[in-house]
Amino acid sequence: MGEHQNVERLRKGFAAFDSGDIPAVLELFSPDIVWNVPGDNPIAGTYKGHDEVMGFFGKLMEETGGSFKIEIEDILANDRHGVAIVRQRAERNGKRIDMSVVQVFSVNEDGKVTEFSGYPEDTAAVDDFYK
């Protein structure tokens, strides 16, 4: 038995992000996607729609000098949700971050991601990194 189609979609999205193919990433997102980034730092917030999410990705890369990377540890999914356990790494202003993050995706009946929420293992460390 193969992987659930939403596991395959998420893997495709991570690969597109890793290669810098943001238009391919956005193809996997509903036009009214809601992207939730926790914390109290310059990149935290709720981003709505493709334009704001693309702006977030740009800000993320700008803040980290393009060093932000994601390594997939595991992906689980069903028809309505996907959960990715990932390792996020980045450098910024002489600081480094390397931690596990649980990413939760809501998926609609068309297989498009409608909502994302990230849950880092240490939100305070993420806040410190981006301040």
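Buried means under 20% relative accessible area, exposed means over 50%, and partly exposed lies in between, with a 1.4 Å probe and protein chains only. At 18% relative accessibility, N36 therefore counts as buried. The model is a predicted one, in which local features need pLDDT of at least 70, side-chain atom pairs count only at pLDDT 80 or more, and totals for chains, interfaces and linings use all residues. Residues are numbered from 1 along each chain as its sequence is written, and side-chain values use heavy atoms, with hydrogens and water left out.

**Overall fold**

- The protein chain has 4 helices and 6 strands; helices (H or I, at least four residues) and strands (E, at least two) are DSSP runs, numbered from the N terminus.
- Along the sequence these elements follow the pattern α-α-β-β-α-β-β-β-β-α.
- The radius of gyration of the protein chain is 14 Å, close to the 14 Å that the globule rule gives for 131 residues, so the chain is as compact as a globular protein of that length. This radius is taken over C-alpha atoms, and the globule rule is 2.2 Å times the number of residues to the power 0.38.
- The C-alpha trace spans about 45 × 30 × 25 Å along its principal axes.
- Of the 131 residues in the protein chain, 42% are buried.
- The protein chain exposes about 7,200 Å², and carbon and sulfur atoms supply 49% of that area. Accessible areas come from the Shrake-Rupley method with a 1.4 Å probe; for residues, only the protein chains shown count as cover.
- Contact means heavy atoms within 4.5 Å. Among contacts between residues at least 6 apart in sequence, 45% join residues at least 24 apart.

**Nonpolar core**

- A nonpolar core is a set of buried Ala, Val, Leu, Ile, Met, Phe, Trp, Tyr and Cys residues joined through side-chain atoms within 4.5 Å.
- The largest such core has 34 residues, and those with the most contacts inside it are F29, W35, F56 and F57.
- At least two residues of this core come from each of helix 1 (5-18), helix 2 (22-27), strand 1, helix 3 (49-63), strand 4 (81-92), strand 5 (95-107), strand 6 (113-120) and helix 4 (123-130).
- Helix 1 gives the largest share of this core, 5 residues.
- In soluble globular proteins, nonpolar side chains tend to be buried together.

**Aromatic rings**

- Rings of Phe, Tyr and Trp (its six-membered ring) pair if their centres lie within 6.5 Å; planes under 30 degrees apart count as stacked, over 60 as edge-to-face and the rest as tilted.
- By this rule there are 11 aromatic pairs.
- One of them is the edge-to-face pair of F17 and F57, at 5.2 Å centre to centre with 70° between the planes. This pair links distant parts of the chain, with F17 in helix 1 and F57 in helix 3, 40 residues apart.
- F17 counts as buried because its relative accessibility is 13%, and F57 is buried too, with a relative accessible area of 5%.
- The rings of W35 and F57 have centres 5.4 Å apart and planes at 90°, so this pair is also edge-to-face. W35 lies in strand 1 and F57 in helix 3, 22 residues apart, and the pair links distant parts of the chain.
- Ring pairs link F14, F17, F29, W35, Y47, F56, F57, F68, F105 and F116 into a cluster.
- Beyond its neighbours within four places in sequence, F57 is in contact with F17, I22, V25, F29 and W35.

**N36**

- N36 is in strand 1 (residues 29-37).
- The side chains of N36 and S117 are joined by a polar contact of 3.2 Å. A polar contact is a pair of N or O atoms within 3.5 Å; within protein, one must be able to donate a hydrogen and the other to accept it, and residues adjacent in sequence count only if both atoms are side-chain atoms.
- Leaving aside neighbours within four places in sequence, N36 is in contact with G45, T46, E115, F116, S117 and G118.

- V113 is in strand 6 and counts as buried at 5% relative accessibility.
- R80 is in the loop between strand 3 (69-77) and strand 4, and counts as exposed at 57% relative accessibility.
- R80 touches F105, S106 and V107, not counting residues up to four places away in sequence.
- R80 and Q5 are 75 residues apart in sequence and 11 Å apart in space, C-alpha to C-alpha.
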